[in-house]
Amino acid sequence: MQPKLAYVGWTKSGVIRDLLTALLGVSTTCSHFPKEGPKATGPSPTILSVMATGNSSSVVVFTLSGLEGQTKENKYLLFSFTLLYYFLIVFTNLTLTVTILRERTLHEPMYFFLCNLCINGLYGTAGFYPKFLSDLLSDHHVISYAGCLLQVFVIYSSLPSDYSILAVMAFDRYLAICRPLEYHSIMTSQTVVKLVIFSWIPPFLCLTVAILLTHRLTLCGSHIDKLYCDNWSIVKLSCFSTMVNNVVGIVIMLVYFSIVFLIFLSYVKLIRTCLRSREARRKFMQTCFPHLLTLMNVHVAMLFDVMYSRYGSFYFQQNLRNFLALEYMIIPPLFNPLIYGIQLTKIRNAVLGNIKKHNSINV
């Protein structure tokens with residue numbers, strides 16, 4: 001059985017580096033070997049486990065540096081605002097979801113797809129806000145290796161799911177406006193179920209492949225310069241080539257950006273059709289305009305995240321980097337249900353009707 005060496009904190013790090021290099025062949029240039037410094041007091045937030053198997057190293061815990069430099073007062077204030085904002089996200093998305101499921105007048109394909117969009121917003125934010133809130137109350141911002149991969153899966157599977165759901169909603173609006181006589185014969189219950197499955201399964205499969213490719217990597221560091229885990233930050237810590245990860249990541253991005261392109265093409269067709277009649281223009285403004293705003297909202301958030309992942313840690317200040325990293329977690333989850341709730345008359349009337357019924361019962 002090969003020996004196993006686990007270490008927490010660092011004392012006499014120069015001797016440790018020389019000993020590990022001689023015995024295990026571990027490179028001393030990796031970022032988890034700090035320079036000589038004073039003896040650590042108390043447990044270190046970085047915990048690494050090095051297995052005596054050639055050059056391999058296994059990271060047990062990652063450190064997150066997005067909150068470095070924040071005072072306790074600022075963190076407590078941020079905690080209060082974040083908790084309130086997360087409550088609003090949960091409340092608005094749950095309100096629309098429950099309203100659509102309860103009201104029979106809303107049992108139409110467009111509203112079922114909107115319900116999926118709200119559920120996806122709850123799913124994606126659940127991967128970020130609870131951990132972020134706990135970090136705001138903690139002095140050590142760490143996350144386990146398994147927890148980090150789980151957070152990557154949840155957050156970054158919700159993003160392509162948003163694109164898939166928006167693509168399905170665009171297809172639904174195209175049929176309703178451009179081919180109204182064929183709408184009900186095409187958009188049957190079976191078709192709706194298949195489109196919902198299409199919205200969820202492919203993004204989950206893509207992220208599963210990406211996570212498995214990341215899991216196979218040997219890492220030479222455990223520091224993530226972000227408020228939460230993302231796949232690219234983990235891949236950058238690899239000791240060896242990440243060409244396969246890069247190629248797969250680019251292919252996935254191209255697939256979903258092509259979906260965005262197809263959605264915009266469908267809207268070009270919709271706009272041309274709407275110019276022919278007043279009724280089509282009214283239907284477009286009521287049902288398609290909020291969808292177009294949501295698409296732009298999600299797409300801009302995606303671009304912000306890509307900008308941060310590729311360039312944020314080099315060119316931007318910490319506060320701006322945090323905003324770029326969080327834009328997808330802040331804007332779409334709250335504003336998407338608000339846009340539809342305000343713009344769509346049926347949903348607005350149903351929500352207001354439920355509120356009036358609740359008030360009358362209490363009285």
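Biologist: Which element gives the largest share of the lining of the largest cavity?

Modeller: That element is α9, which contributes nine residues to the lining. It bears the name of a helix because helices are DSSP runs of H or I with at least four residues, while strands are runs of E with at least two, both numbered from the N terminus. The model is a predicted one, in which local features need pLDDT of at least 70 and side-chain atom pairs count only at pLDDT 80 or more, whereas totals for chains, interfaces and linings use all residues. Residues are numbered from 1 along each chain as its sequence is written, and side-chain values use heavy atoms, with hydrogens and water left out.

Biologist: Why is this space called a cavity, and what is a pocket?

Modeller: On a 1 Å grid over the protein atoms alone, a cavity is a set of points where a 1.4 Å probe fits but cannot get out; a pocket is an open set with protein on both sides within 12 Å along at least five of seven lines, and lining residues have an atom within 4 Å of a point. Two cavities of 30 Å³ or more are found in the whole structure. The largest cavity holds about 590 Å³, a volume being the space filled by probe spheres set on points that are joined across faces, edges and corners.

Biologist: Which residues lie nearest the centre of the largest cavity?

Modeller: Of its 28 lining residues, Tyr156, Asn231, Gly249, Met253 and Met302 do. Two or more lining residues come from each of α5 (145-178), α7 (189-215), α8 (231-235), α9 (243-274) and α10 (278-315).

Biologist: What lines the second largest cavity?

Modeller: Its lining has 15 residues, with Asn120, Gly121, Asp162, Pro332 and Pro333 nearest the centre. The elements giving two or more of them are α3 (109-126), α5 and α11 (318-343). This cavity holds about 120 Å³.

Biologist: Which element gives the most to the lining of the largest pocket?

Modeller: α12 does, with eight residues. The pocket holds about 440 Å³, and its lining numbers 19 residues, of which Thr95, Thr99, Val351, Leu352 and Ile355 lie nearest the centre.

Biologist: What makes β4 and β6 a pair?

Modeller: Two strands pair if DSSP finds at least two bridges between them. Strand β4 (residues 61-64) and β6 have two bridges, in the parallel sense, and Leu64 stands opposite Ile224 in β6. The open sheet has three strands in the order β5-β4-β6, with mixed pairing. β5 (142-144) and β6 (223-224) are called edge strands, as each pairs on one side only.

Biologist: Why is the link between Cys148 and Cys229 called a disulfide?

Modeller: A disulfide is a pair of cysteine sulfur atoms within 2.5 Å. The sulfur atoms of Cys148 and Cys229 are 2.0 Å apart. The torsion about their S-S bond is about -120 degrees, so the disulfide is left-handed. Cys148 lies in helix α5 and Cys229 in the loop between β6 and α8, so the pair ties together parts 81 residues apart in sequence.
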